[in-house]
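Subject: Structure handover

Hi,

Here is the structure we talked about. Please open it alongside this note; what I found follows below.

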Amino acid sequence: MADLSTNFLGIKSPNPFWLASAPPTDKEYNVRRAFEAGWGGVVWKTLGSEGPPVVNVNGPRYGAVYGADRRLLGLNNIELITDRPLEVNLREIKACKRDYPDRAMIVSLMVPCEEAAWKAILPLVEDTGADGIELNFGCPHGMSERGMGAAVGQVPEYIEMVTRWCKQYSRMPVIVKLTPNITDVRKPAAAAKAGGADAVSLINTINSITSVDLDTMSPEPSIDGKGSHGGYCGPAVKPIALSMVSEIARDPETHGLPISGIGGITTWRDAAEFISLGCGNVQVCTAAMTYGFKIVDELKSGLSDWMDEKGYASVADVVGRAVPNVTDWQYLNLNYVAKAKIDQDACIKCGRCYAACEDTSHQAISMSPDRVFEVIDEECVACNLCVNVCPVEDCITMEPMTAGDIDPRTGKVVEPEYANWTSHPNNPSTQAAE
Amino acid sequence: MASNTMTPGIVSGRLSEDEIKKNFDDLYTPLDGHEAAVAADRCYFCYDAPCITACPTAIDIPLFIRQIQTGTPEAAAKTILDQNILGGMCARVCPTETLCEEACVREAAEGKPVEIGRLQRFATDTLMDTGVHPFMRASDTGKSIAVVGTGPAGLACAHRLAMKGHSVTLYDAKSKLGGLNEFGIAAYKTAGNFAEKEVNWLLQIGGITVKSGVRLGHEISLDDLADAFDAVFLGIGLGGVNALRADGEDKTGVEDAVSFIAHLRQASDLTKLPVGRNVIVVGGGMTAVDAAVQSKLLGAENVTIAYRRDQDRMSASRYEQDHATSSGVRILTNVVLRQIIGNGSVCEAEFEYVTQTDAGLTGTGEILRLPADQIFKAIGQTLETVPDRLDIQGGKIVVDAAGRTSMPKIWAGGDCTAGGEDLTVTAVAEGRDAAEDIHNTLMV
């Protein structure tokens, strides 16, 4: 059976599934339930400086985007960092770590961008026996208006500076949590590395308004008729997170920097994808908030079974496996030719592929009077839209053409050699061969 | 309680008031908002959807379901009613399992179609509960049309004509409108007096003058109507009932199933409605099922549907057959009623088993006798008064695709005409299409 245990920055946990810093990790009660359910670790909800805690709104904190059957696809929140006194949180962190020594206990921190503030809180956290800290440079709402959270995460110089303080005043591993609300995630990641960060975690939530109440004309979640952008998370953000993770994993400047993957991880498969793109472990929040802590059973069994099937002995064996396959568009093989193929036995004749192709693509699917849908190879550019809109999995597949065959669309032979845009004759920048 | 299910003869009050009330309540619980949302989410919004093709009135089903999904059931209702003004009744009585839901791709995919019928009811009920009639009458054309019969065909025709600005005079032989919707369908399919409510809602279009209790061939003649109006539409249904042609048919206790159903539908107190202890329904269609099931629901101890062929030849849908058997009705097949035995009143029914041969049904000689207090005839209906000079074929009025009869100015549709299944939804389509053709003819 595959070994799911991980050693991330020297922090051991029985499995790679940590709960992200968020409402599920705000209290001892929740964290104990999480550990009892089998989670490998938690990142305790962000602590602020000593003194009067922040206050939260007293109306809705969350807004949602739904798929069919009201399946939660995206969630946003306008909740702030912990609104409980610092000493209460520290006491509870200590108790949890004491009772669950084999689990990872990371403490998320967000204090003002002043050296004294960081210098003050770090020993208090260290005293709890926590395994590490995560710097919350990502929260996009509320705290950022006070010069913290995403306001720091959007300025690489601040990231580097604060990270350096934390390394200077603490022996604990430092994970820098990155905001996606920037144009190029590699810059803050590089700054974290330059400041001495042991790892980065990403993504934090994305600025968002989930909906507008068309009766009151208020954004959701609505507080007394007004709304503010909140942080978006859940399955809908996974593709954005995967891309950002991959950018850091493959950039020469940050390559090798440990990554804790966050962003819409809902199933074991999502987790395996993040790990394959370079994450040493993953953090989960929305899925737990939607379905409860019990999902960790499926996360563990799914990952373990898949690793057994593929012959991966440990999680570390999987980390970064897909990174070499992430490339720039210009290096994609233009001689690779595929055609859509419809499995007539699996087809339920809904015609969505036809509507999609006929109305919005390449008119490459025919429809007979008795509703047989067939791909017209002469027109098919293998765009994949039919696959994407088909309600039956694997009913439509993309079949690569064999080298040497003639692509009926172009009339050209499918070349066996790899050839990309950099050498394509249509590229004005191509160097002439002669 | 004076009587119970085992009381001999044809008596009322076999069940308590509470049991009767429960038995004749809405057969299908309407979807609530949440259930409708879940059901609607299953629709794939198919291209040129097979369910539309399967619907005799070609309702744009994916569109109305999408409108339910997006929280606009009233718009969904408008989509339905645009094609089928009796969409509310059709949502209750359509054999959806052999129409739209049979064609649903999820039936092919999972054996579980989108619940189109129930969603249609959700939409139409939502709109009709508001009392709003979503159609406007066009400006008066000056043309006047007589519509005879207020079943689904006549109502659909009258509404469409009125909407286009024509003046419609709507005749019915009975004092109450609605035709088979009001008199011929099992009560539990149209609970809450729905048929009557739907007629009143439909008439809100305006421009329709109702003349009830007026019989064609008695108070009015087709020639008079043709003279007085620019066009005439006949939606007169089938008023007669086929005879059993068995000995003893005249005995007390032998009744038409349609009369029994009509009587039941109009009864103010079902505990006062008599029914036999041993009931036999002869026939294999929807009427047979409706009569049999309702007999059972009234408290008959033994109810048997006797059909002369194999069960898969019954014209009642499989769903209806299952409904009958699950209600405790026995379906007896390959039997022909030969003799009704009894001294004045029915006491036994004698059947002969038959086999299907190339020459037709042949008796095997094997005889079966069943105790019977009440025998319902449900072996098909006939055109009662055939209007003179109309071409008739197979006992039905001959019409072309647009509903034109052999006589100028006369259109017809619904069960009285040949072609199409005798379904409410088919009648609606025929009435509607005839109205379009009348309009196009008159407005050239």
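Buried residues account for 54% of the 444 residues in chain B. Keep in mind that this is a predicted model.

**Chain B overall**

Chain B has 17 helices and 19 strands. Its radius of gyration is 22 Å, close to the 22 Å that the globule rule gives for 444 residues, so chain B is as compact as a globular protein of that length. The C-alpha trace spans about 65 × 55 × 50 Å along its principal axes. Of the contacts in chain B between residues at least 6 apart in sequence, 70% join residues at least 24 apart. The chain exposes about 18600 Å², and carbon and sulfur atoms supply 48% of that area.

Chain B splits into three pieces: domain 1 (10-25 + 242-378), domain 2 (33-129) and domain 3 (144-239 + 383-442). The C-alpha centres of domain 1 and domain 2 of chain B are 33 Å apart.

**Helix H16 of chain B**

H16(B) covers residues 318-326, and Glu320(B), Gln321(B), His323(B) and Ala324(B) are buried in it. These residues lie on the same side of H16(B), because they cover an arc of only 160 degrees around the axis. An α-helix has 3.6 residues a turn, so residues three or four places apart point the same way. Arg318(B) and Ser326(B) are exposed, on the face turned away from the buried side. What do the buried residues of H16(B) pack against? Their partners in chain B are helix H15 (286-298), strand S10 (302-306) and strand S11 (330-332). After H16(B) comes Gly328(B), with a positive phi near 100 degrees.

**Nonpolar cores**

The largest nonpolar core has 80 residues. Trp39(A), Val176(A) and Leu202(A) touch the most other members. Another core lies apart from it, with 71 residues, including Ile59(B), Cys94(B), Met163(B) and Leu177(B).

**Thr163 of chain A**

Thr163(A) sits in helix H5 (residues 156-169) of chain A. Is Thr163(A) buried or exposed? It counts as buried, because its relative accessibility is 0%. Beyond its neighbours within four places in sequence, Thr163(A) contacts residues including Leu135(A), Phe137(A), Val174(A), Val176(A) and Ala197(A). Asp198(A) is 35 residues away along the chain, and its C-alpha is separated from that of Thr163(A) by 9.6 Å.

Best wishes

Terms used: Residues are numbered from 1 along each chain as its sequence is written. Chains are lettered from A and ligands numbered from 1 in the order in which they are written. This is a predicted model: local features need pLDDT of at least 70, side-chain atom pairs count only at pLDDT 80 or more; totals for chains, interfaces and linings use all residues. Side-chain values use heavy atoms; hydrogens and water are left out. A nonpolar core is a set of buried Ala, Val, Leu, Ile, Met, Phe, Trp, Tyr and Cys residues joined through side-chain atoms within 4.5 Å. Buried means under 20% relative accessible area, exposed over 50%, partly exposed in between (1.4 Å probe, protein chains only). Helices (H or I, at least four residues) and strands (E, at least two) are DSSP runs, numbered from the N terminus. Contact means heavy atoms within 4.5 Å. The arc is that of the directions from the helix axis to the C-beta atoms. Domain bounds come from an automatic or database domain assignment. The radius of gyration is taken over C-alpha atoms; the globule rule is 2.2 Å times the number of residues to the power 0.38. Accessible areas come from the Shrake-Rupley method with a 1.4 Å probe; for residues, only the protein chains shown count as cover.
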